[in-house]
Amino acid sequence: MKLKHWSELTIPNVINAPLGAFLAVSPWLLGFSTAETATWSAGLVGALACLIALAGLARPQQWQTWASLVVGLWAAVAPWALGFAGETNAAWCHLTVGLTTVVVAAFALFWIYSNPRKLAH
């Protein structure tokens with residue numbers, strides 16, 4: 001479903017793009033680059049989150065908000081799902097970025113669905 005008035009979805013993408021970029025480079029910034037699984041997770045999930053947000057800035061559509069929500073949920077559970085929860089910096093980074101992305105996406109979805117006239121018919 002395409003949005004008629006997309007400018008309101010710019011803010012979530014402006015927030016989520018740097019969050020994804022931060023997650024992608026966090027292994028080197030936060031010192032967990034030797035934890036292979038955590039590094040791969042941060043790089044892939046962060047790059048995906050950033051690309052979704054950048055696509056949303058270029059041509060906002062509702063699917064990008066849902067995709068950000070899913071990627072954020074995955075980032076938040078990845079430390080336990082992939083077994084690197086013991087790597088404190090990696091786990092906290094994934095959890096923080098993931099939950100922040102989820103909250104931003106949830107607010108955007110709430111706004112979309114509480115203002116149905118913003119959706120194209």
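**Entry 1: A17**

Contact here means heavy atoms within 4.5 Å. The model is predicted, so local features need pLDDT of at least 70 and side-chain atom pairs pLDDT 80 or more, while totals for chains, interfaces and linings use all residues. Residues are numbered from 1 along each chain as its sequence is written, and side-chain values use heavy atoms, without hydrogens and water.

A17 sits in helix α1. Helices (H or I, at least four residues) and strands (E, at least two) are DSSP runs, numbered from the N terminus. Is A17 buried or exposed? Its relative accessible area is 9%, so A17 is buried. The cut-offs are under 20% for buried, over 50% for exposed and in between for partly exposed (1.4 Å probe, protein chains only).

I then checked the distance from A17 to A53. These two are 36 residues apart along the chain, yet their C-alpha atoms are separated by 5.0 Å.

**Entry 2: the whole chain**

I stepped back to the chain. How many helices and strands does it have? I found 4 helices and 0 strands. Read from the N terminus, the order is α-α-α-α. The chain has 121 residues, and 46% of them count as buried. I also looked at contacts between residues at least 6 apart in sequence. Of these, 65% join residues at least 24 apart.

Two packed helices are described by the angle between their axes and the distance between the axes. Axes are lines fitted to C-alpha atoms, for helices over the stretch in contact, and angles run from 0 to 180 degrees between N-to-C directions.

I took α1 (residues 10–29) and α2 (residues 36–58). Their packing angle is about 160 degrees, and the axes lie 7 Å apart. The two are therefore roughly antiparallel to each other. Angles over 145 degrees count that way; under 35 is roughly parallel, 65 to 115 roughly perpendicular, and the rest oblique.

Which residue classes make up this contact? I noted 16 nonpolar, 9 polar and no charged residues. Nonpolar covers Ala, Val, Leu, Ile, Met, Phe, Trp, Tyr, Cys and Pro; charged covers Asp, Glu, Lys and Arg; polar covers the others, Gly among them.

**Entry 3: α1 against α4**

Next came α4, residues 88–114. α1 and α4 pack at about 165 degrees, with axes 10 Å apart. This pair is therefore roughly antiparallel too.

I looked up who meets whom. From α1, the residues are P12, I15, N16, L19, F22, L23 and S26. From α4, they are C93, H94, V97, T100, T101, V104 and A108. By class, I noted 9 nonpolar, 5 polar and no charged residues.

**Entry 4: N16 and S68**

N16 belongs to α1. N16 counts as buried because its relative accessibility is 2%. Beyond four places in sequence, N16 touches A49, A53, S68, T101 and V104.

Leaving out its neighbours within four places in sequence, S68 is in contact with N16, I52, T101 and A105. N16 and S68 both have T101 on their contact lists.

**Entry 5: α3 against α4**

I turned to α3 and α4. They pack at about 155 degrees, with their axes 7 Å apart. That makes α3 roughly antiparallel to α4. Their contact has 18 nonpolar, 7 polar and no charged residues.

**Entry 6: the loop residue F84**

Where is F84? I found F84 in the loop between α3 and α4. F84 counts as buried because its relative accessibility is 5%. Setting aside neighbours within four places in sequence, F84 is in contact with T37, A38, S41, A78, P79, A90, A91 and H94. I also compared F84 with E36. The pair is 48 residues apart along the chain, and the C-alpha atoms are separated by 9.3 Å.

**Entry 7: cysteines**

Last, I searched the whole structure for disulfides (cysteine sulfur atoms within 2.5 Å). How many turned up? The search gave 0. I also looked up burial for two cysteines. C50 counts as buried at 16% relative accessibility. C93 is buried at 7% relative accessible area.
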